[in-house]
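Please look through the model below, and then follow the text from one local feature to the next.

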Amino acid sequence: MTPARPGIRKATAAALALGLSAALAACSGDGGGNGGDSAGHGGVPKLSVSGAYLPRPPMTDMAAGFLTVRNTGGAADELTSVTTPLAAEVTLHSTEGTRMKQVGSLDVPANGRLDLSSGGDHLMLTNLTHRPKVGEKVTFTLHFATSDPIEIKVPVEPTTYRPKD
């Protein structure tokens, strides 16, 4: 093996230093990548849930759930699953036009919101433990790709309930 020439060695060292500098800059971001700032302008999601409800299911084995996830943070996240003691399984469904399909996750955009609503994207609960009554509160735990889980109490509303906008 022939020894490397000094010019090539310097160029290689410079390229390596530049690559390491870029990698360190990417990791440091705007506050280490974990915190961001308290105003929600950092590169992390800041999630909250509102408007959750569960219409009283007409059947004893299946129900739909609706809610809004707001993200005031500077990075997107994904709703990856929902769990509840009311159902053996909760699946995420996307609706495009009149077609509904099960999906593995739903996007929660940075500085945006994910709306789960009647006629749109929604949750499907199957194999219910019981048919909940109007006024009952059902615990849901929302799981995300990067954010901590959020636990909420979801009111059961009449079957024909439609929220006011």
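Strands here are DSSP runs of E with at least two residues, and they are numbered from the N terminus. The model is predicted. Phi of Asn 111 is near 50°, which is a positive value in a residue other than glycine. Is Asn 111 buried or exposed? Its relative accessible area is 59%, and the cut-off for exposed is over 50%, so Asn 111 is exposed.

Where does Asn 127 lie? Asn 127 belongs to strand β8, which covers residues 122–128. At 51% relative accessibility, Asn 127 counts as exposed. The strand around it is mostly covered, since 6 of the 7 residues of β8 are buried.

Next come the neighbours of β8. Strand β2 (residues 62–71) is joined to β8 by 4 bridges, and the two run antiparallel. One of the contacts can be named: Ala 63 has Leu 125 in β8 as its bridge partner. Strand β4, residues 87–96, also runs antiparallel to β8, and 6 bridges join the two. Here Thr 91 has Met 124 in β8 as its bridge partner. β8 is thus paired with both β2 and β4, because at least two bridges between two strands are needed for a pair, and β8 has 4 with β2 and 6 with β4. As a rule, the side chains of a regular strand alternate between the two faces of the sheet.

The aromatic rings are another topic. A pair of aromatic rings is described by the distance of the centres and the angle of the planes. How many aromatic pairs does a search of the whole structure find? The search finds 2. In one of them, Tyr 53 and Phe 66 have their ring centres 5.2 Å apart and an angle of 40° between the planes, and the pair is tilted. This pair links distant parts of the chain: Tyr 53 is in strand β1 (residues 47–55) and Phe 66 is in strand β2, 13 residues apart. Tyr 53 and Phe 66 are both buried.

Tyr 53 takes part in another pair, with Tyr 161. Why is this pair edge-to-face? The ring centres of Tyr 53 and Tyr 161 are 4.9 Å apart and the planes stand at 75°; planes over 60 degrees apart count as edge-to-face, so the pair falls in that class. It too links distant parts of the chain, with Tyr 53 in β1 and Tyr 161 in the segment after β10 (150–157), 108 residues apart. Tyr 53 has 5% relative accessibility and therefore counts as buried. Tyr 161, at 29% relative accessibility, counts as partly exposed. Through these ring pairs, Tyr 53, Phe 66 and Tyr 161 are linked into a cluster.

A search of the whole structure finds 1 salt bridge. Which side chains meet in it? They are those of Arg 113 and Asp 115, with 3.0 Å from N to O. Arg 113 has 43% relative accessibility, so it counts as partly exposed. Asp 115, at 34% relative accessibility, likewise counts as partly exposed.

Technical notes. Residues numbered from 1 in each chain as written. Predicted model: local features only at pLDDT ≥ 70, side-chain atom pairs only at ≥ 80, totals over all residues. Heavy atoms only, no water. Phe/Tyr/Trp six-rings, centres within 6.5 Å; stacked < 30°, edge-to-face > 60°. Buried < 20%, exposed > 50% of the residue type's maximum accessible area, 1.4 Å probe, protein only. Salt bridge = Lys/Arg side-chain N within 4 Å of Asp/Glu carboxyl O.
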